[in-house]
Each structure stands twice: as C-alpha cells, then as structure tokens.
Amino acid sequence: MQYFVNVILPIPLEKQFTYEISEEEAQILLVGMRVAVPFGKSKIYTGLVFSVHNTPPEIYEAKPIHQILDDSILVTEIQLKHWQWIADYYMCTLGEVFRSAIPSAFLLESETLILLNKQVEIDESDLKDDEFLVFEALQYQSMLRVHEVAAIIERKNTLPILNRLIVKGIIVLKEELYEQYRPKLVRYIKLGESYQSESALESLLDNLKRAPKQSEVILSLFQLEATSKNPIKVSELETNGGASRAIIKALIDKEILEEYFIRTDRVNYINEGEAANLKKLNEYQVKALSDIRRSFDNKKVTLLHGVTSSGKTEIYVELIEQCLNEGRQALYLLPEIALTTQLIGRLQDYFGEQVAVFHSKYNVQERVEVYNNVLANKSKAQIVIGARSAMFLPFLNLGLIVVDEEHESSFKQFDPAPRYHARDSAVVLSNLHQANILLGSATPSIESYQNARTNKYGYAKISRRFGNVLMPEMELVDIKEQHRKKRMKGHFSERLFNEITATLDAGEQVILFQNRRGFAPILECTTCGYSPQCPNCDVSLTYHQYKKQLRCHYCSHHIALPESCQACGSATLNTKGFGTEQVEQELKVLFPDVRVARMDLDTTRGKHAYEKIITSFEQQEVDVLIGTQMVTKGLDFRNVSLVGIMNADSLLNFPDYRAHERSFQLLTQVAGRAGRTQKRGKVLIQTYNPYHQILRQVTNGDFEGMFKEQLYEREQFKYPPHNKIIQITFKHKEYNRLNEAADWFGNGLRNMFKSNVLGPEFPPVSRIRNQYIKHVLLKIPTGQSLAKTKSSIKRIEKSFNAIASFRSVRIIYNVDHI
C-alpha cells in the first residue's frame with residue numbers, strides 16, 4: 001500500500017503539494033510536523049505536513065520527501081484551523097500564512113553550493129577573466145557559496161557567470177540544507193573526576209607549587225563553589241579568579257579541570273525582589289470588571305471603553321491572574337513595540353518569570369526559544385506579551401486574549417501577505433480556543449463601538465481617571481492669528497512657549513507631538529522652485545539634518561545634501577514644512593539648558609533603543625520628549641503635565657475616509673499622556689483652523705458626537721461598518737500596461753458588482769520602487785455574501801491571468817483595508 005503526505009510549502013501556491021512516503025515514515029509523521037521536500041528542479045524547502053493519506057496525485061508523479069525534520073509536532077491543530085481561516089478571509093494562500101506565522105529559523109531552505117567538476121579536463125585558455133577567478137578559487141577550496149562568488153568577482157549578479165561555467169561543464173551545483181537556529185550553550189567548569197578525593201587534591205596542589213597562577217585558579221574555583229550553590233561559569237572564574245583563558249585551557253588540557261556545557265534561553269527574567277501585590281481597584285474599575293465577567297459568562301467578545309489613565313491595565317492584570325489560577329495561558333497584544341517595553345516591567349512585577357515577550361525586535365534565535373517555550377506550555381511562557389505576530393504562537397490552553405489600544409491601525413499587516421488584522425484574527429482565535437477576549441481602548445474604533453451598541457459585543461465603561469484626577473485641560477491655539485501678529489518663535493506659538501517655560505520651571509516634563517520624522521519634507525530652490533525627487537518613487541526627498549542627507553521614506557534611497565540647486569546652480573536652498581528634527585533644533589535654541597530627547601523611527605532602530613529613551617524620560621533624565629505617533633500609544637509617564645501638538649491640521653487633511661476618526665483618536669491619546677497623577681495636565685493644540693468640528697470634539701472629549709457623525713457619513717458613502725471593503729492593488733513597472741490591466745479588471749468587477757466599484761485610480765504616491773500602482777475599491781453591502789464575492793473576484797483573476805500581456809502585473813488583495 002502506498003502512503004502520501006500533503007504538504008504546505010512556505011511559498012504562495014494555491015494548492016498543497018503531495019509527496020510519497022514509506023510505511024515507516026507514515027507511522028512517524030503527524031499533522032503539524034516539518035519535512036524537507038524537493039521542489040522544482042533542485043530546490044529543497046521546509047514543508048508542513050497537512051494530512052497523511054493513500055491517494056496518489058492524478059496530474060503529476062509524487063516525489064519522495066527528502067527527510068523528516070521533527071520528532072514531535074511544531075504546529076498545533078488549532079493553529080492550522082486559524083491559518084486556514086486567515087488564508088480564506090484575507091484572500092491569500094496557506095503558504096504565505098505559514099511563512100509569516102512561524103519564526104524564519106524553522107524554515108530551513110537549501111543553500112546552493114558550487115563544486116569543481118573533477119570528471120572534465122579543463123582548458124584554462126577558454127575561460128574569461130571572471131570565470132577564471134571562480135575556477136582558481138575552487139582549486140584552493142572544496143566548495144563555494146553564491147555570496148562568496150559574488151565577493152570574488154565583485155559583482156552582485158552571479159547567475160550569468162555560473163550559467164556559463166555550468167554549460168562548459170567546469171562546475172556542478174549541490175543543494176544543502178542548513179539549520180539557522182542554534183541553542184545557546186553556556187560553558188561551565190568543575191574539578192576533574194580524578195581529583196575529587198582529599199588526598200588527590202593535596203598532591204595536586206603540591207605538584208602545582210611551581211605553577212602559582214594555575215594553583216591560584218584552583219583555589220579561586222574552591223572559593224566560588226563554597227559561596228555559590230550554582231554551577232560555576234568559565235566567565236565567572238575569569239573575572240573573580242583573575243585567571244586568563246590560557247591558564248584555564250592549560251588546566252583543562254591536563255584534565256585537572258573539566259568543562260561542560262548547559263543549554264540556556266537567550267532571554268531570561270532576573271528577579272529583583274518580591275513580587276508586587278495587585279493594586280486595589282476603585283469602585284469604577286470594580287463595576288467595569290463585573291460587567292466584563294458577566295459578558296464573559298455569556299461567551300461574548302467584550303469592549304472596555306476606559307478614558308486615558310483610568311487604570312485599564314489593572315483590570316487586565318486581575319483577569320490575567322484569574323486566567324492563570326485556572327491553569328490556562330494568557331495573550332496580551334499591543335500595537336507598538338515601544339509599549340511592550342514599559343508594560344513588560346509592570347507585568348513582571350506582578351507575575352515574575354511567567355511573562356514571555358515576542359516581537360520583531362527580538363532576533364530569530366530568541367523568537368524560536370519563546371515559540372518552543374509556549375509549545376511546551378512551560379511556566380516561563382504562561383503570559384505572552386507582544387505585537388501582532390505573537391498571535392501566531394502555538395498556545396495549547398489559551399484562556400484569555402487582551403487586545404490593548406484595539407483601535408490602532410498598527411494591528412493591520414500591510415506587507416507582505418497575509419494582510420490580516422490582529423484584532424479580528426484574535427477574535428477568531430479566541431473562538432477556536434474557547435477563550436475570553438477583551439478589547440480595550442480610550443477611543444474605540446467605529447466598528448468595535450458599533451458592535452457593542454448593537455449588542456454583538458459586551459461593553460464595559462470607565463469614565464473617570466484613576467484617583468479621580470481631572471481630564472487634562474485642552475486649549476486650541478490659532479497659529480494663523482499668531483503668524484499675523486508675528487508672535488511665532490519658529491514653529492512655537494507664544495502661548496506654547498510660555499507654557500513650556502512655566503512647566504519646566506515647576507520641574508515637570510513636556511511631550512511635544514509632530515507626526516513627521518526628519519527635518520523637513522521638502523527642500524526647495526527659491527530661485528527656480530526645483531525640489532529634489534526620488535528617482536524610484538513619486539515623492540520628494542525628505543531632508544534629515546542629523547545625517548546631512550536627503551532621504552526617501554518609501555525606498556530608503558538617499559543622497560548627500562547638495563551645496564547648490566541641481567537645476568539652476570544657485571545656492572538659495574530652503575526647506576518647507578517641518579519634522580521632529582526641526583522641532584528639536586528650535587527647542588534647543590529657545591531653551592539652551594533643557595535636556596531634549598527625540599523618539600521616532602530614526603532614533604529607535606536598535607533592539608533596546610525604545611527602552612533607553614522611555615527609561616531616561618521616566619527617570620526624569622530628560623525634560624522634553626519630542627516624538628511621532630510612537631509617543632501617543634498608552635505610555636505612562638508620571639511627571640508629564642504639558643503636551644503640545646505642533647500642528648493638528650496635517651492629520652485632518654488626509655485623503656482617507658478614516659482621517660477624522662484617526663485624528664480624534666490620535667489627539668485624544670496624545671492628550672492622555674498629560675497629568676496622569678494628582679495635578680491636572682494641560683494640552684495645547686496648534687492649528688490654522690480652531691473651528692474644525694473634530695478639534696472641537698477632541699477638546700470637549702465628545703466621543704459620542706464624533707461617533708454619530710462618522711457613522712452617518714459612512715452610511716451615506718457605503719463605508720465600514722455598514723459595508724465591507726476590499727482594496728485591490730495593481731503593480732507593474734510599465735505605466736501603459738498597468739493602466740490597461742487595471743481598466744480590464746475594473747470593468748470585469750463593474751459588470752458583476754455595478755456601482756459598488758471605485759476606480760481604478762492612482763493613489764497620492766503613484767510610484768514606489770519603480771513600480772506604478774493603481775487601486776480599485778470594492779464595497780460589499782451587508783446582505784451580500786462575502787465568500788461568493790471573493791470567489792467571483794478569483795474567477796475574474798483567472799481570466800485576467802489568461803491574457804499573456806497581463807500576467808506580469810502583480811495583484812494584491814487587501815480585505816478590510818484601513
């Protein structure tokens with residue numbers, strides 16, 4: 001009897017591939033284990049076993065698998081169901097979900113090795129110069145890797161040369177699997193077995209009298225063993241015993257000392273005292289908690305709507321503790337890595353080493369360890385805190401999911417596929433695990449609030465700040481009027497300048513918010529009006545003063561700051577607009593003695609960069625923090641009493657149906673950083689239009705008013721939550737072909753869905769990385785079947801791909817585009 005496995009490959013294939021296995025392999029293989037399989041002519045990929053069966057494929061002959069990579073399952077059954085839902089709902093393939101759902105170290109891929117063909121007589125005179133360089137290198141090395149060939153010939157593209165060498169029969173290629181993950185082994189030391197008795201030890205010390213340094217090392221080892229019950233690391237012996245590596249190595253070679261290795265995790269929690277007790281909840285929190293528990297009893301997704309600084313985290317901690325007491329795991333999702341840094345400390349104070357962290361700033365090795373700890377249900381991974389990717393971990397007994405700041409657009413994945421929304425996917429995950437899920441926010445998204453109003457979600461509200469602190473006092477500053485009266489100091493109005501002075505004199509801290517990084521978005525010649533553009537994208541280059549560069553924020557193309565205009569040659573270059581760097585520079589001129597820090601993408605590239613900035617601000621080593629939207633999201637600083645918003649208009653005038661909702665959320669969130677302890681905080685919003693409806697609603701804290709207005713507008717124009725939307729994006733490097741293809745697809749959609757199709761239309765930035773872009777927006781009314789709509793789109797795509805000239809046009813589906 002023949003046995004076969006269906007395998008998910010980490011590449012965008014619509015179907016699974018079938019491979020042949022032996023009867024013994026069929027006994028071993030389980031769904032969710034990894035196998036190495038050949039694919040294409042010579043590539044070897046890591047596949048995931050989806051099913052084991054006896055049906056051979058009809059269209060092709062099944063190849064045998066290369067090898068089995070696991071002893072036990074790596075992906076659970078619930079994970080596979082969740083992946084299947086994500087693939088179906090977000091219109092992508094299971095392979096794409098597989099690739100993004102597990103740490104890349106698990107996806108072993110073969111590497112191409114280049115070997116010399118020893119069966120052939122080679123005439124060196126036939127070889128070109130670059131071919132001879134590769135041939136010569138292979139005389140001295142048994143094999144070369146592709147990147148080594150690139151270094152030898154000093155060229156990135158090695159394929160033409162390698163192809164010529166293959167045709168001439170000089171080289172052969174070999175594929176080899178390599179493992180990316182290596183466990184961390186710590187080197188320990190102990191006295192050799194033969195010197196454990198006292199008499200042997202005495203004679204050893206007598207023998208070592210001529211080698212005082214070696215004898216000193218042995219005595220240091222004894223001292224360390226006497227003071228510590230733990231095994232002694234080699235590094236400890238080096239530092240405490242003053243021993244050099246050479247002496248320790250000599251003792252190991254003589255078999256006086258014995259070295260051994262212990263496997264340890266790369267990320268470990270260091271306990272620094274007693275676990276903190278949970279804070280006592282106030283009456284508003286207790287009421288919200290009982291409402292949440294009632295909703296949980298009715299198996300409902302629950303929305304916690306609590307104003308900024310109302311103590312939502314304490315409620316989450318109570319629920320997590322209850323979940324752990326029931327012997328189940330908890331998942332805490334956050335939109336920003338910056339937030340996790342602050343929260344990890346708070347959760348570790350309560351729960352100690354039960355907290356594991358998972359996000360993209362961790363390296364591959366660390367992520368593999370967290371993944372394995374969750375899969376083994378270890379005590380150090382009972383609570384997982386992380387950004388959206390943490391949702392893909394292999395929970396065995398998930399009891400609670402908390403999605404904090406649920407309105408955040410960072411929960412939506414944009415590139416690459418799957419373009420999932422972590423909040424919505426977490427709701428499905430909680431359903432699969434029969435777990436409770438809580439969505440928390442001070443400014444809920446329109447969709448979640450609508451679901452709570454229509455009783456689809458449970459609802460709990462906290463309308464008072466913790467400790468009955470008043471909400472911050474908000475004030476709109478008309479900078480148009482200030483400019484007219486010549487009262488502006490750079491980009492600071494007189495009102496903001498005076499408030500900053502008063503706050504700093506009182507020994508308190510300030511946060512300034514400007515939602516644009518860099519120094520200025522445009523550098524312009526005042527003589528001829530020329531502005532340097534990115535050669536790969538349809539945008540102007542942003543000026544970064546710190547690096548003296550002009551940089552594209554889409555493709556990272558950069559050039560040195562030109563001395564004069566590249567068009568007319570005059571040196572009259574001026575900047576337009578302003579970013580965080582310019583705010584920082586102006587502030588240092590206005591307040592020379594003030595300690596300023598900047599928090600944006602440029603200053604937070606390192607692994608611990610967020611932590612350093614946030615910690616120094618918390619410990620009041622910094623007086624003013626300038627930041628982009630990173631500073632708005634749930635951070636808790638005790639001594640901030642003033643928040644300044646440099647320009648609110650850039651948020652409002654965005655060509656997007658969510659612009660007003662986002663502005664309300666962002667401004668309310670950034671305002672919520674002020675006055676979080678006893679003293680009432682103050683928020684100054686600089687704007688050219690202080691009579692704008694959204695700004696009025698923000699200053700009055702009128703969430704209901706904003707919600708009703710936005711809901712009415714979206715009902716009129718058929719946007720979510722009344723309709724679902726799918727954005728279809730077309731990309732190609734040829735402008736005319738893209739236009740033809742997008743129009744063809746748009747007409748196909750229009751024939752099927754009539755007036756619910758918008759586009760195709762170019763977005764504001766219509767070319768990125770030399771690819772032209774066009775969007776089509778499809779609105780799906782409530783009564784229309786989503787599954788049928790998607791299959792209709794897929795049918796149109798099949799016909800589209802049948803046209804030869806359109807095949808190279810890339811199509812991207814973004815379901816629930818935000």
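The charged end of Lys779 sits over the ring of Tyr719, 4.2 Å from the ring centre. A charge counts as sitting over a ring if NZ of Lys or CZ of Arg is within 6 Å of the ring centre and within 35 degrees of the ring normal. Lys489 lies over the face of Phe497, at 4.4 Å from the centre of that ring.

A word on the source. This is a predicted model, in which local features need pLDDT of at least 70 and side-chain atom pairs count only at pLDDT 80 or more, while totals for chains, interfaces and linings use all residues. Residues are numbered from 1 along each chain as its sequence is written, and side-chain values use heavy atoms, with hydrogens and water left out.

Now the rings. How many aromatic pairs does the structure hold? There are 29 aromatic pairs. Rings of Phe, Tyr and Trp (for Trp, the six-membered ring) pair if their centres lie within 6.5 Å; planes under 30 degrees apart count as stacked, over 60 as edge-to-face and the rest as tilted. Phe17 and Tyr19 have ring centres 6.5 Å apart and planes at 40°, so this pair is tilted. Ring pairs join Phe17 and Tyr19 with Phe39, Tyr45 and Tyr60 in a cluster.

Tyr19 is buried, because its relative accessible area is 2%. Phe17 has 27% relative accessibility, so Phe17 counts as partly exposed.

Next, the nonpolar cores. Such a core is a set of buried Ala, Val, Leu, Ile, Met, Phe, Trp, Tyr and Cys residues joined through side-chain atoms within 4.5 Å. The largest one has 112 residues, and Trp83, Ile728, Phe745 and Ile793 have the most contacts inside it. Helix α25, residues 735–753, gives the most to this core, with six residues. Helices here are DSSP runs of H or I with at least four residues, strands are runs of E with at least two, and both are numbered from the N terminus. Another core, of 31 residues, lies apart from the largest one, and includes Leu304, Leu324, Tyr332 and Leu334.

On to helix packing. Axes are lines fitted to C-alpha atoms, for helices over the stretch in contact, and angles run from 0 to 180 degrees between N-to-C directions. Helix α4 (residues 129–140) packs against helix α6 (residues 159–167) at an angle of about 75°, with the axes 10 Å apart. That makes α4 roughly perpendicular to α6. Angles under 35 degrees count as roughly parallel, over 145 as roughly antiparallel, 65 to 115 as roughly perpendicular and the rest as oblique. Asp130, Glu131 and Val134 in α4 meet Ile161, Arg164 and Leu165 in α6, where contact means heavy atoms within 4.5 Å.

Helix α23 (residues 693–700) and helix α24 (residues 703–717) have axes that come within 9 Å and cross at roughly 150°. That makes α23 roughly antiparallel to α24.

Last, the backbone. The peptide bond from Pro720 to Pro721 is cis, with omega near 10°, and Pro721 lies in the loop between α24 and β30. Gly759 and Pro760 are also joined by a cis peptide bond, with omega about 5°; Pro760 is in strand β31. Lys486 is not a glycine, yet has a positive phi of about 55°.

Notes
Buried means under 20% relative accessible area, exposed over 50%, partly exposed in between (1.4 Å probe, protein chains only).
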